[in-house]
Amino acid sequence: MANRDYVKRGRGGNSRKPAKKKSAPRRKPWRSGLLALLLVSVFGYGLYLLSTDPEPPAPVAQPVKPKPKPQAKLPPPPEEKWDYVDSLPSREVEVKAKEQVVSEIPYIMQCGAYKNAQQAEARKLDIAFQGINSQVRKKEGSSWYRVVLGPYKFKRDAERDKHKLQRAKIEPCAIWKETQ
């Protein structure tokens, strides 16, 4: 048995010759060129055949004579069961609308109550930027400052301003009847 050095065997030692790379078979460029030339010529011949193809004759349309339809006799119109068509135009309906009740007590809206007068004035300024007038009222017997809007004759007017302030992120605001 021959003495072999198994340690150097895996490391690619000097005893081993470098492996020769197999060279890929050389392509012949004239084959690719010939194939491309053949495809272009077949395509060109097809275009030539299409251009020299005569147009098919246009079909001649023969006029079609419509068949005369037999005149069908229409049935008589139906008789009306109701007489509203005649009676409604001459009829009058009397409508009594309720009078809108106007409250003598106006509505007010409060948009904050603060211990500090500067905070109340800042809220009043925010509301003024929305084009709405407000007042700061000091509650009697207390140190609270309320920011109040109004008075409003109708609640819907107060609601309109409340929604305008909500869109401007000025919340919460409450509406109630003013107690004097």
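Tutor: Lys169 is found in the loop between H5 and S4. Helices and strands here are DSSP runs (H or I, at least four residues, for helices; E, at least two, for strands), numbered from the N terminus. The model is a predicted one, in which local features need pLDDT of at least 70 and side-chain atom pairs count only at pLDDT 80 or more, whereas totals for chains, interfaces and linings use all residues. Residues are numbered from 1 along each chain as its sequence is written, and side-chain values use heavy atoms, with hydrogens and water left out.

Student: What is the phi of Lys169?

Tutor: Most residues other than glycine have a negative phi, and most peptide bonds are trans. Lys169, although not a glycine, has a positive phi of about 65°, and this residue comes just after H5.

Student: Is Lys169 buried or exposed?

Tutor: A residue is buried under 20% relative accessible area, exposed over 50% and partly exposed in between, using a 1.4 Å probe and protein chains only. Lys169 is exposed, with a relative accessible area of 70%.

Student: Which peptide bonds are cis?

Tutor: One of them runs from Gly150 to Pro151, with omega near 15°; Pro151 lies in strand S3. Another joins Glu171 and Pro172, with omega about -10°. Pro172 lies in the loop between H5 and strand S4 (174–177), the loop in which Lys169 is also found.

Student: How does one judge the span of a helix, and what does H5 reach from its first C-alpha to its last?

Tutor: The expected span is 1.5 Å times one less than the number of residues. H5 has 13 residues and reaches 19 Å, close to the 18 Å expected.

Student: Which residues of H5 are buried?

Tutor: They are Ala158, Asp161, Lys162 and Leu165. Viewed down the axis of H5, these buried residues fall within an arc of 105°, so they line one face of the helix. The arc is that of the directions from the helix axis to the C-beta atoms. The buried residues pack against S1, H4, S3 and S4, while Arg160 and Arg167 are exposed on the other side of H5.

Student: Which residues are buried in H4?

Tutor: The buried residues of H4 are Ala120, Arg123 and Ile127. Down the axis of H4 they fall within an arc of 60°, so they line one face of the helix. Their packing partners are strand S1 (107–114), strand S2 (135–138), strand S3 (145–152) and helix H5 (155–167). H4 itself (residues 117–128) has 12 residues and reaches 16 Å from first C-alpha to last, close to the 16 Å expected.

Student: What lies at the start of H4?

Tutor: A polar contact is a pair of N or O atoms within 3.5 Å; within protein, one must be able to donate a hydrogen and the other to accept it, and residues adjacent in sequence count only if both atoms are side-chain atoms. At the start of H4, a side-chain oxygen of Asn116 comes within 2.9 Å of the backbone nitrogen of Gln118.

Student: How many residues of H2 are buried?

Tutor: Of the 24 residues of H2, the number buried is 0, so this helix lies largely in the open. H2 (residues 29–52) reaches 35 Å from its first C-alpha to its last, close to the 34 Å expected. Thr52 is found in H2 and is partly exposed, with a relative accessible area of 44%. A polar atom of the Thr52 side chain lies 3.3 Å from the backbone oxygen of Leu49.

Student: Where does the charged end of Arg156 sit?

Tutor: A charge sits over a ring if NZ of Lys or CZ of Arg is within 6 Å of the ring centre and within 35 degrees of the ring normal. The charged end of Arg156 sits over the ring of Phe154, 4.7 Å from its centre.

How values were computed: Contact = heavy atoms within 4.5 Å.
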